[in-house]
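User: Could you walk me through the terms used for this model? I would like to see each label set against its cut-off.

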Amino acid sequence: MRCQRWAPAMLYPSYAERPPKLIAGSLVLDFLNTVEWRGDRTEAGERLLNYGELVLWSLAAGTIDAATAKALSAQARRDAEGAAQALGLALALRAELDAAFGFAAKPSRRLPLLDDLLRDAPAIGHLAHRQGRTIWTTGRSPDLRLPLVPIAISAASLLVAKERAQAKSCGDTRCGWVFLDETPRQTRVWCSMEGCGNRAKARAHYARRRT
Ligand SMILES: [Zn+2]
């Protein structure tokens, strides 16, 4: 299992209190944004601190519904070791995909974890239609890797698509969040105008006033 590049320093609240900002326009890129301030050693903070956070993130992202989230959480309580392994796999997969999309310090083309997940996906879960929505779900004894299946499929789809060239990271290198730039001329600079965009505008305004 691959180690993280650095130990995240900041503690951020649970997704239950502060839901994920799904701004990337792509499930897999939103998954890479489960670290806050990716490019800043002091502010950086892991949001996937336990298996429950992965379930909450998936619920917010809409890949699973409340019933599946409940089943996964119950299974995680029954099988703490399995939950720790699934979380470890999630973090290692995130590092692998970060490198595959070229955002990590060391880009890599190796995708062993993604390959394994895609191979096992049919045994891990299946699609279901509930209350007008299509979601991923699992059988009576839930496979705790289920939240990773839609992420793996999103990753595989984007890696081979021409849109892959539109995957960018935020103009604020401390933020480092990634997104799909779907603007007609590829002019999106910030992960969000409300956050990084506004901060940059305020900085520019302050600099103009000083000169
Ligand atoms: Zn940003």
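User: Why is Cys175 called buried?

Analyst: Buried means under 20% relative accessible area, exposed means over 50%, and partly exposed is in between, with a 1.4 Å probe and protein chains only. Cys175 has a relative accessible area of 5%, so Cys175 is buried. Before we go on: this is a predicted model, where local features need pLDDT of at least 70, side-chain atom pairs count only at pLDDT 80 or more, and totals for chains, interfaces and linings use all residues. Residues are numbered from 1 along each chain as its sequence is written, and side-chain values use heavy atoms, with hydrogens and water left out.

User: What makes Cys175 a donor of the zinc ion?

Analyst: Donors are N, O and S atoms within 2.8 Å of the metal (3.2 Å for Na, K and Ca); water is not among the atoms, so sites may look incomplete. The SG atoms of Cys170, Cys175, Cys191 and Cys196 lie 2.3 to 2.4 Å from the zinc ion, and these are its protein donors. Their spacing in sequence reads C-x4-C-x15-C-x4-C. Cys170 is buried too, because its relative accessible area is 4%, and Cys191 and Cys196 are both buried.

User: Why is the site of the zinc ion called tetrahedral?

Analyst: Four donors count as tetrahedral if all angles lie between 85 and 135 degrees; four count as square planar and six as octahedral if opposite donors are over 155 degrees apart and all others between 65 and 115, and anything else is irregular. The four donor atoms here make angles of 104 to 117°, and the site is tetrahedral. For reference, the ideal angle for four tetrahedral donors is 109.5 degrees.

User: With those cysteines around, how many disulfides are there?

Analyst: A disulfide is a pair of cysteine sulfur atoms within 2.5 Å. By this rule the count is zero.

User: What makes the pair of Phe31 and Trp57 edge-to-face?

Analyst: Rings of Phe, Tyr and Trp (its six-membered ring) pair if their centres lie within 6.5 Å; planes under 30 degrees apart count as stacked, over 60 as edge-to-face and the rest as tilted. One aromatic pair is counted by this rule. The ring centres of Phe31 and Trp57 are 5.7 Å apart and the planes stand at 65°, so the pair is edge-to-face. Phe31 lies in helix 1 and Trp57 in helix 2, so the pair ties together parts 26 residues apart in sequence. Helices (H or I, at least four residues) and strands (E, at least two) are DSSP runs, numbered from the N terminus. Phe31 counts as buried at 0% relative accessibility, and Trp57 does at 1%.

User: Which residues have the most contacts inside the largest nonpolar core?

Analyst: A nonpolar core is a set of buried Ala, Val, Leu, Ile, Met, Phe, Trp, Tyr and Cys residues joined through side-chain atoms within 4.5 Å. The largest one has 50 residues, and Leu29, Phe31, Tyr51, Leu97 and Leu148 have the most contacts inside it. Helix 4 gives the largest share of this core, eight residues.

User: How do you know that Gln131 is exposed, and where is Gln131?

Analyst: Gln131 has 83% relative accessibility, so Gln131 counts as exposed. Gln131 sits in the loop between strand 3 (126–130) and strand 4 (133–137). Its phi is positive, about 50°, although Gln131 is not a glycine. Most residues other than glycine have a negative phi.
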